[in-house]
Protein chains: 2
Amino acid sequence: MTTVSDRPTSVPTAAPAAGVSALASEADAEVDVAYLTDHLLGRWSELRQVARGIAGDPRFAKIEGQTMAESRARVLNQLKLLVEEAQVLRAFPERLGGKNDAGGNIAGFEELLAADPSLQIKAGVQWGLFGAAILHLGTPDQHDRLLPGAMSVAVPGAFAMTETGHGSDVASIATTATYDEQAGEFVIHTPFRAAWKDYLGNAGEHGTAAVVFAQLITGGVNHGVHAFYVTIRETLPDGAAGAFVPGVGGEDDGLKGGLNGIDNGRLYFDQVRVPREDLLARYGQVAADGTYTSPIGSPGRRFFTMLGSLVQGRVSLDGAAGVASKIALATAIRYGNERRQFTGASETEETVLLDYAEHQRRLIPLIAEAYAGHFAHDRLLDLFHAVFSGEMDTPESREDLETMAAALKPISTWRALETLQTAREACGGAGFLTENRLVSLRADFDVYATFEGDNTVLLQLVGKRLLADYAADFKAIDGIGMARFVVERAADTVLYKTPLVRATQTIVDTGSVRRAAGHLRGETAQRELLTDRVEAMVADLATALRPASKLDRGKAAALFNAHQHELIEAARAHSDLLQWEAFTKALADVRDPGTVQVLTWVRDLYGLTVIEKNLAWYLINGRLSGQRARTVTSYIDRLVARLRPHAQSLVDSFGYGPEHIRAAIATGAEQVRQDEAREYYRQQRASGDAPTHEKTIKKAAR
Amino acid sequence: MTTVSDRPTSVPTAAPAAGVSALASEADAEVDVAYLTDHLLGRWSELRQVARGIAGDPRFAKIEGQTMAESRARVLNQLKLLVEEAQVLRAFPERLGGKNDAGGNIAGFEELLAADPSLQIKAGVQWGLFGAAILHLGTPDQHDRLLPGAMSVAVPGAFAMTETGHGSDVASIATTATYDEQAGEFVIHTPFRAAWKDYLGNAGEHGTAAVVFAQLITGGVNHGVHAFYVTIRETLPDGAAGAFVPGVGGEDDGLKGGLNGIDNGRLYFDQVRVPREDLLARYGQVAADGTYTSPIGSPGRRFFTMLGSLVQGRVSLDGAAGVASKIALATAIRYGNERRQFTGASETEETVLLDYAEHQRRLIPLIAEAYAGHFAHDRLLDLFHAVFSGEMDTPESREDLETMAAALKPISTWRALETLQTAREACGGAGFLTENRLVSLRADFDVYATFEGDNTVLLQLVGKRLLADYAADFKAIDGIGMARFVVERAADTVLYKTPLVRATQTIVDTGSVRRAAGHLRGETAQRELLTDRVEAMVADLATALRPASKLDRGKAAALFNAHQHELIEAARAHSDLLQWEAFTKALADVRDPGTVQVLTWVRDLYGLTVIEKNLAWYLINGRLSGQRARTVTSYIDRLVARLRPHAQSLVDSFGYGPEHIRAAIATGAEQVRQDEAREYYRQQRASGDAPTHEKTIKKAAR
């Protein structure tokens, strides 16, 4: 596998290459904010800047407090504006006006979250799901016929996959598409209430078409889930959606916890006929006589190939999660640096919130997590682009991409929710006011944890992949071949592959981890500890689940279920490692010595925080002694204190301006208020007019 | 200290007293839902039932999707209805139409959350803060003059304590009330922008008066924070609030993350004059000539006494947090028992969500936490009633009450947020729809974590109290007196006191904890482990902070700050122990053998979950060996599996009906849908009409 992220840094510089020798001395280390901001923009810097321009434009900003109806109308209109002004169609074929630029498209798209998550997701429904399904599941002819309407939003479309009774279990959806060879048509049908399509953006009100997923049945054989292009509503003369077409019905999902700019809804189909040509036919065709053919022989692989082509949703949610976390941290850190509360070291001067150790402990590790998530997302986007541009489109790299997306999206979306909530609480009552945005962003973001693949289900997929790789690796090699096997794997394979390269190493030298742990601060020790955890957990699981192959279905399922929690924990550990490796690799590309020094501390804080969260595991499994384990926490305390002066620079470098953050308390208003208050008391003390405190008098009288 | 919770159980029964001998055998154990429901209603059973009647009445239910203006108007109107129909004035003096029933009042009040958190909090502002401040800080004359308007809502009032620049640090508020002896008036003044009162319910729109907290200055001396009754708006002929009176100004806080039925706002005072008689004068009076007198000599103690009288807010939030958690669990468990997803053990039958180990792991420990919180809240309410009814009104019991409230409110409110979110995610996309209520409740509940005392600040107070008690205990006793000291403390003191009784024991026998840990499942072992953790953490902190007394202010503050995180962790550990002890004590009152057996497992799950969360601490500090630590997780797994069949009964026993839960997915609708789907497939299989799967054909061909 080639390394796909050797991208040019956006600021070429004569500074020495990063590395221990190039680190600034501890006292001098400072973040070069302009440099780091630019550096973080990354490979698709220009497209991100265009998207941020859009995201900061008041015409695209969420208007808080709008009714659902107002908000829906506004967001639909914004979609049309995006077609004119933003570069939202880059993923589509050049001959249809796109740029065939998968990665750049996502890079821009995820930035839209800063304007309004409803806008991001409505755009995602229209182009990333409805349009992308036509693109990836349709034939070139179908592209020519169906994509223009999807691209221009002349045809707002729903992505009708999920059913009320089947969320993440797409293979079991109950909607049927039965081929009628007499008529040359498919009959789309909803057999019972649980098979209604549900939670579909554009289905509640605006959609005139849908890509409907259904079991394709022809000649009495069910060929599994396929996608069909179905008109669901009339288009009125003014272009708006009219009534449902005959046979189609539905309901509006109504108010939601957030994202109320999107008209989610339910759809059902009562023997709705669609022409044979409207089966999106890239991976499965039905001839006029009803004969089914597919370029992919195995129904299982065909299903996963079709679903896999939709991985971009998860990729973009991972990026959007990063944007949400960054905005939350920019708000809370700014406020924490300005707001004062309680006197401490001084009689007269109150302490700024971020000087409190607990405030630091709550927020600064989240900055480290945001950076880890950022760099991991860069790698994910690189891999996505490599696959979808065709540069590296192999079944293996597609599978790696799906696993990486499934490993990162759950962690980053949960992290964003935690970060938004911690930031909101760190801002106290002010954090609860909508004018400070955190509650609004959190409400909109909430569902990111369960849509486009429920987080828990995705982590299970990752866990299963880890197990499968484990079994495959060890099946393929014998004792003698092991050394060769280790050497053959490229060092950074871990970024896309399960980290089993290290498992073999551990087997060879079980003592190494314990020895290396002496230098917890060091990169090597962190890598050993994080890697060892994934390997050991997967190995333990494999051992525990080995008997399953000899059990009957019921007992095997029970055994698997008994280890479900560990499977998910192993997937989390893998995700942690992925992010740590991406962060570490990214350090090598940072050219400014002060910046790389501070970011190295941030990386260490990330690594040690992950280790601290799992400290019991390291202790129980003999990877750390009690004494060493204690030092994890004290190192973290030291790193947090060391990073505290850099917290503002680190969040400023995220590059979001007031037009993106849009929080009244993050505008400097608090600093003005605090300065006014301190000046008042300073003058009062200077004038001698200050009232004496009863306390002081009583003390003097004693 | 006497035990205040030896209340009669509401169902007297001839069943044998609870205890190991009365436990039902494991296989037979079942929750008697009717019995447990009734038992959980507790001491103020009738009042809770009245309040639940109100909370389930559609006239009081939140209408989702209302505009802020509509919601505010509705909730104000509901307050007036409550005066007529509910027993919301019980805390007030009998001569004014109240019942002088502090505990019963709170018991009913906290149930209002089920109707609408805005209603609970608006009622809390009017009667629990504005009215209660007049009651607790005013004199009998002032009660006669000012309470009737507050009680009847003829005068909607704000509780003007918090300032934009001072949240939890009330002692430092900057608003002044300077006595003008010429005029016999106080001049209330806001010296700068940061001193505006902020986040005040009723201040945005409806309030015509406020209890304003300000620094009382007379004769050039600042006597500290006192409360003043101030008219802020005109009352129009129809009783509604008109314009601000001269000198008073303000702003509406506008939209919030939730609780939009409450008109929060900001107030400022520009040399506003109030008569001398409107200083709420219970704890401080100013004579016509400006002489200040107070029944409490120490300004510090006076301040804490005044603030302490307002503890009921925290008590009721702790109870309301329990209601929110219970509703969330009732929704998610019901749905988890009906919704099916993926086939596992069976080819044809899909598995219900709650049969998945990870789903159980996410939800069932939260049931245990809800029960622990419930029983701890019962004890808190007992203590609150004992203090406020005068049964046990000593400075020591008041301080115990404040510490207990400060220990429970943070944990229960964070727990409710976690439970609501976990429940929402456990219900997937359906959880995000407002029709299923979880997102709405969570949005409204969010601010509970930072109002009425920021959770982090409250836990710090608890930590400081633990340290102070520790120092006091050891100052008072010498080596010889130690045994006597241990004996003299009542065994259940731990419920109201810091658990330092055990610290001395540990010193005497440091080996006991380690030995007892052999039987982790046992009550004794759990108690030892939970108690030991608090003691050891407090002792370590005391040692670490000892040098502070010899340092200058700056260095002492820095030392304290360096240990702030541990202080807060110690407070959490104390809260965990409190809840475990309350749960354990409550088991003795449960008369049904099956119920007590199941609840004992629930208690064990609670205890072990707390231990598991802190497993690294137990390992590092040599309290558990690696081998023993492993068994914690396996015991939890076993308990979760054992409790899974009882999950529905346990949440049904919370006693909330569909009129309280108000979630479309918790009405049985999902069961109907699933039954219909299964019947469809059953008939299809029976008929032989089911299409053959391509997969099956391919397999057969091989």
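Select A:Phe213 and show what surrounds it: beyond its neighbours within four places in sequence, A:Phe213 is in contact (heavy atoms within 4.5 Å) with A:Leu137, A:Phe159, A:Ala160, A:Met161, A:Ile173, A:Thr175, A:Lys197, A:Val225, A:His226, A:Ala227 and A:Leu310. The model is predicted: local features need pLDDT of at least 70 and side-chain atom pairs count only at pLDDT 80 or more, while totals for chains, interfaces and linings use all residues. Residues are numbered from 1 along each chain as its sequence is written, chains are lettered from A in the order in which they are written, and side-chain values use heavy atoms, without hydrogens and water.

Now colour chain A by domain, with bounds from an automatic or database domain assignment: domain 1 (43-150), domain 2 (158-308), domain 3 (312-652) and domain 4 (670-701). The C-alpha centres of domain 2 and domain 3 of chain A lie 37 Å apart. Their contact takes 6 residues from domain 2 and 8 residues from domain 3.

About 610 Å² is buried between these two domains of chain A, with 51% from carbon and sulfur atoms; buried area is the accessible area (1.4 Å probe) that two parts lose on being put together, summed over both. On the domain 2 side, select A:Ser168, A:Leu259 and A:Gly308, which lose the most area to domain 3, together 67% of what that side buries.

Finally, show both chains. The contact takes 97 residues from chain A and 98 residues from chain B, and the two chains bury about 8100 Å² between them, 55% of it on carbon and sulfur atoms. Between chain A and chain B there are 8 salt bridges (a side-chain nitrogen of Lys or Arg within 4 Å of a carboxyl oxygen of Asp or Glu). To end, select B:Arg266 and A:Glu435, whose side chains meet in a salt bridge at 3.2 Å, N to O.
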